[in-house]
Amino acid sequence: MKLFLSADMEGTAGVTLWEETETGKRLYDHFARQMSSEVAAACEGAIAGGATEIVVKDAHDSACNIYPDMLPEQASILRSWARHPYSMMAGLDASFDGVMFTGYHSAASMPTNPLSHTMNGKNVYVKINDIICPELFINALTAAYEGKPIYLLTGDKGLCEWLHKMNANIPTVAVSEGMGGASLSINPHLAVKRIREAAEKALSIDPKKLMFPMPDHFRVEIAFRNHTFATNGSHYPGCVQLDSTRVAFESNDYMDVLKFFYWVL
C-alpha cells in the first residue's frame, strides 16, 4: 500500500503564535521538530497497519520544515514547492492508495484556532458551494478528484469537527483547541502516541467509507481583505467580481477550480 501524506504546521500540538511557525523565529525549531514527530508517527502507524511506501509532502510555508532523518525508511519527502495547481498535494497521482493529513488547521473566519487562515492572510474567507473552506477542503477534494480515500486527519478540534460533518467515518486526532487568541493543546508526546495509534487502525477501515464527497459543480467565492486583490483576480478568465472585495468562479471541473485558486487565491 502506497500513501500520500500532506503535512502542515499550524495544527501541530502546542502551536499558538505565528512566530512559532516561521523559520528563524523564537521556538520555530522546537515546533518544526514536533511537526516532524507527528508526521513520523503517522507514517509509523500506517506502516504498522500495512503501508509499504509513503510520500510526505511538506506543505507549510517554505515547505522545508520537516527533519527528513526523523522519518522512517519507508517514507520519502517532497520538499519546497512544485509550482503545480495541486499545491499542498503536489505529487499525488493514480499510483497512491490513499492520503493522510497532519498538522492541519481551521479556515479563515473559523474561531477555532488562533492562526485560522486559508492559504494566506489575504482573505476574510473562502467558500466552496457556500461552505467555509479550510485548506483541508481544497486538498480533500483533490484527493477525491484522484479517487483516493482519506485515512487520517490530525490538527485542531474545530477542523476535526468540520471534517466529521463532511464524512464522519474519516479518523481524526485533535491535538489542540482554539480559545480566542489562545490554544489549549494536549501533551506533545500524547499527540504523537494518538496519531501513531490512529494511523495504524485507520488502514483496516473499508476505503469506500473514507471517500470525501465530490460535488458535480463548484462555485467558489473569495472575500479579500483588500480591494486590490479582488481587482487583480477579476482579470482571471471566468472570474466575476461581485463587489469591491469579493470574487467568484464556477466550473464543473475541479482542476479548473485548482487553477483558479493557484493564480487568484
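## A tour of salt bridges and an annotated site

Start by selecting arginine 246, which is partly exposed with a relative accessible area of 24%. Buried means under 20% relative accessible area, exposed means over 50%, and partly exposed lies in between (1.4 Å probe, protein chains only).

Before moving on, note that this is a predicted model: local features need pLDDT of at least 70, side-chain atom pairs count only at pLDDT 80 or more, and totals for chains, interfaces and linings use all residues. Residues are numbered from 1 along each chain as its sequence is written, and side-chain values use heavy atoms, leaving out hydrogens and water.

**Stop 1**

What does glutamate 221 form with arginine 246? The two form a salt bridge, with the closest N and O atoms 2.9 Å apart. The pair links distant parts of the chain. Glutamate 221 sits in strand β10 (residues 218-224), arginine 246 in strand β12 (residues 246-251), and they are 25 residues apart. Helices (H or I, at least four residues) and strands (E, at least two) are DSSP runs, numbered from the N terminus. Glutamate 221 is buried, at 7% relative accessibility.

A salt bridge here is a side-chain nitrogen of Lys or Arg within 4 Å of a carboxyl oxygen of Asp or Glu. Side chains of opposite charge can pair when their charged atoms come close. The whole structure has eight salt bridges.

**Stop 2: two other pairs**

Select lysine 157 and glutamate 177. Their side chains meet in a salt bridge, at 3.9 Å from N to O. This pair also links distant parts of the chain: lysine 157 is in helix α3 (residues 157-166), glutamate 177 in strand β8 (residues 172-179), 20 residues apart. Lysine 157 is partly exposed at 36%. Glutamate 177 is partly exposed at 32%.

Next, pick glutamate 19 and arginine 26. They form a salt bridge, with 2.9 Å between the closest N and O atoms. Is arginine 26 buried or exposed? Arginine 26 is exposed, at 51%, whereas glutamate 19 is partly exposed, at 29%.

**Stop 3: the annotated site**

Zoom in on histidine 105. It lies in the loop between β4 (98-104) and β5 (123-128). Histidine 105 is buried, with a relative accessible area of 1%. Which side chain does the side chain of histidine 105 make a polar contact with? It is that of aspartate 8, at 3.0 Å. A polar contact is a pair of N or O atoms within 3.5 Å; within protein, one must be able to donate a hydrogen and the other to accept it, and residues adjacent in sequence count only if both atoms are side-chain atoms.

Finish on glutamate 135, in helix α2 (residues 135-145). Glutamate 135 is buried too, at 2% relative accessibility. Its side chain makes a polar contact with the side chain of histidine 117, at 3.2 Å. Leaving out residues up to four places away in sequence, glutamate 135 touches several residues, among them Asp8, Tyr104 and His105. Contact means heavy atoms within 4.5 Å.
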